[in-house]
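Reader: I am new to this structure and would like to go through it step by step. Could we begin with the way the chains meet?

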There are 2 protein chains.
Amino acid sequence: MKIGIVGLGLIGGSIGLGLVRQLNVKVIGVDQNPQHCDEAIRLGLVHEIMQLDEVVRDADLIVLAIPVDGIEQLLPSILDNISDRTVVTDVGSTKANICTAVKNHPNRERYVASHPLAGTEFSGPSAALEGLYNGKKNIICEMERSSKEAIDLVKRVFSSLGMVNDYMTADAHDRHLAYVSHLSHISSFTLSLTVLDIEKDEDQIFNLASTGFASTVRLAKSSPQTWAPIFSKNKDHLSKALGQYIDRLQEFKSALDKDNRNASVALMEEANSIKRILKKG
Amino acid sequence: MKIGIVGLGLIGGSIGLGLVRQLNVKVIGVDQNPQHCDEAIRLGLVHEIMQLDEVVRDADLIVLAIPVDGIEQLLPSILDNISDRTVVTDVGSTKANICTAVKNHPNRERYVASHPLAGTEFSGPSAALEGLYNGKKNIICEMERSSKEAIDLVKRVFSSLGMVNDYMTADAHDRHLAYVSHLSHISSFTLSLTVLDIEKDEDQIFNLASTGFASTVRLAKSSPQTWAPIFSKNKDHLSKALGQYIDRLQEFKSALDKDNRNASVALMEEANSIKRILKKG
């Protein structure tokens, strides 16, 4: 089976790493950045590098692992040109915009909208990790618009990386991700900005970077090139989530300013119940 | 050497774990909660349990590891009653309020204001961790108000746990900690509240709890009984930090609402520079 991976960063590269040693799989890499191509070969993320148009004609499966606005732009023309047996999937963190872009495409059923839920704060081919997807969820959206064959192939590929497949509407996906993933990133980016604003004495940031700060600020290291398009493409859900987050912070600040200990304890006790919910995992 | 630890939770218990196996050290535990005393003995965090007044008369060093308002209340009466050779230290996350409470105490020089920078989101004796302090910083405040002997003893004890001692004014400590630690906790508690508000379908929180969310929300599991007094005792610095955090979030929200990609990229690129600073560690 020939699998073309378009975009050889953390996400695409880690998929490559999980596929290259599988029997009967040939992994072809595509990336606009020649340095990323060289790195991907050197790190063994893919077997070989090709141009996009060659892969589109030749692959059994094409995996789009580029920023979400790039996927939205590129996907229709890829579906225009695929061979009879080619299936296309993507790994973008937003799904409604991408599904809308190909809603009426004659080859829509050859496309499967996916989002494997895994990542780190690092980026580029050198950030690719063996086992990144193992034990994680892959969300498939608008399953009813894809052919059974296409769905089966994509599920098999993600299962071979150790993932469990799950299903959701594109809108439900984007709404949930706004709260659980995208808002986390904004809260972390902004925590970094706030601390940088004040702690002009940079050595003190390091001195005081106890484990608490390190984990809440971890996502602030993430790539702006990846995240700006995600935030933009999911801006309605995300703006709502961010507005509610700000309201809740104001509530906390008001309890603090009034030195209302009962109110702040009540907020924290409510927040504690995330324990019970995360434990289900 | 007899060391009394008052408060056998995560922090006091972990200090006990680091001391009980040292030669010629006898670790005495004190806790108002009889169940914590039993657990501390069973888990080997201390050699024996005593009443506070016995320890005050008898110990070479007393370590106060209770919530910061409790330390502020208890410390003056402990200094009233210590023996000639007893030194007292504390491990509270705020320092100005505690230092102020004993500013004019005749035994002020027998007290050393400390803050070992380490912890987890868990609490109670069963959360005590071997090696929790290893390689971390201990901040000593108002060093000039303690006797050389008292400082030397406290430094030796924290060094024996693998810590590096550092020095700061109480006000500088509280201001830095407001930004780096206390604000992180509020951002995490509030992220949990916001996600809980929306994600009424609790299964989805677990499904979508990718690694990003898990790390930013980790501190939301922390104990309200520990953190409410910290926030209250540091409310001036913390309210300022929280106000600036809210302003920066509004700035992010405005970039999002206007779909101003350049502005959001600029914010993220600035936030990224936390990488460079954390790397110093």
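Author: One term is needed to begin: contact means heavy atoms within 4.5 Å. The model is a predicted one. Of the interface residues of chain B, 100% are also interface residues in chain A, so the copies meet through the same surface.

Reader: What rotation superposes chain B on chain A?

Author: A rotation of 180°, with 0.0 Å of shift along its axis, superposes chain B on chain A, and the RMSD is 0.0 Å. That is the relation of a two-fold axis.

Reader: Which C-alpha of chain B is nearest the axis?

Author: In chain B that C-alpha belongs to B:Thr216, and it is 2.2 Å from the axis.

Reader: Which residues line the largest cavity?

Author: From chain A, the lining includes A:Ala255, A:Leu256, A:Asp259, A:Asn260, A:Arg261 and A:Ser264. From chain B, it includes B:Ala228, B:Phe231 and B:Ser232. The elements that give two or more residues to this lining are H11 and helix H12 (261–272) of chain A, together with helix H10 (224–233) of chain B.

Reader: And which element gives the largest share?

Author: H10(B) gives the largest share of that lining, with three residues.

Reader: What does A:Ser264 touch, leaving aside residues up to four places away in sequence?

Author: A:Ser264 touches A:Phe252, A:Ala255 and B:Ala228. A:Ser264 and A:Phe252 are 12 residues apart in sequence, and their C-alpha atoms are 6.5 Å apart in space.

Reader: What follows H11(A)?

Author: H11(A) is followed by A:Asp259, whose phi is positive, near 50°.

Reader: Where does A:Glu142 lie, and what is its phi?

Author: A:Glu142 lies in the loop between strand S7 (137–141) and helix H6 (148–160) of chain A. Its phi is positive, about 50°, although A:Glu142 is not a glycine. At 18% relative accessibility, A:Glu142 counts as buried.

Reader: What about B:Glu142?

Author: B:Glu142 has a positive phi near 50°, and it lies in the loop between strand S7 (137–141) and helix H6 (148–160) of chain B. B:Glu142 counts as buried, at 18% relative accessibility.

Reader: A last topic, the cysteines. How many disulfides are there over all chains?

Author: The count comes to zero disulfides over all chains. B:Cys99 is in no disulfide, and the nearest cysteine sulfur, that of B:Cys141, is 6.1 Å away; a disulfide needs sulfur atoms within 2.5 Å.

Reader: Is B:Cys99 buried or exposed?

Author: B:Cys99 counts as buried, at 2% relative accessibility. B:Cys37 counts as buried too, at 9%.

Terms used. Residues numbered from 1 in each chain as written. Chains lettered and ligands numbered in written order. Predicted model: local features only at pLDDT ≥ 70, side-chain atom pairs only at ≥ 80, totals over all residues. Heavy atoms only, no water. Helix = DSSP H or I, 4+ residues; strand = E, 2+ residues; numbered from the N terminus. Least-squares fit on C-alpha atoms with pLDDT ≥ 70 in both. Buried < 20%, exposed > 50% of the residue type's maximum accessible area, 1.4 Å probe, protein only. 1 Å grid on protein atoms, 1.4 Å probe; cavity = no way out; pocket = protein on both sides within 12 Å on 5 of 7 lines; lining within 4 Å.
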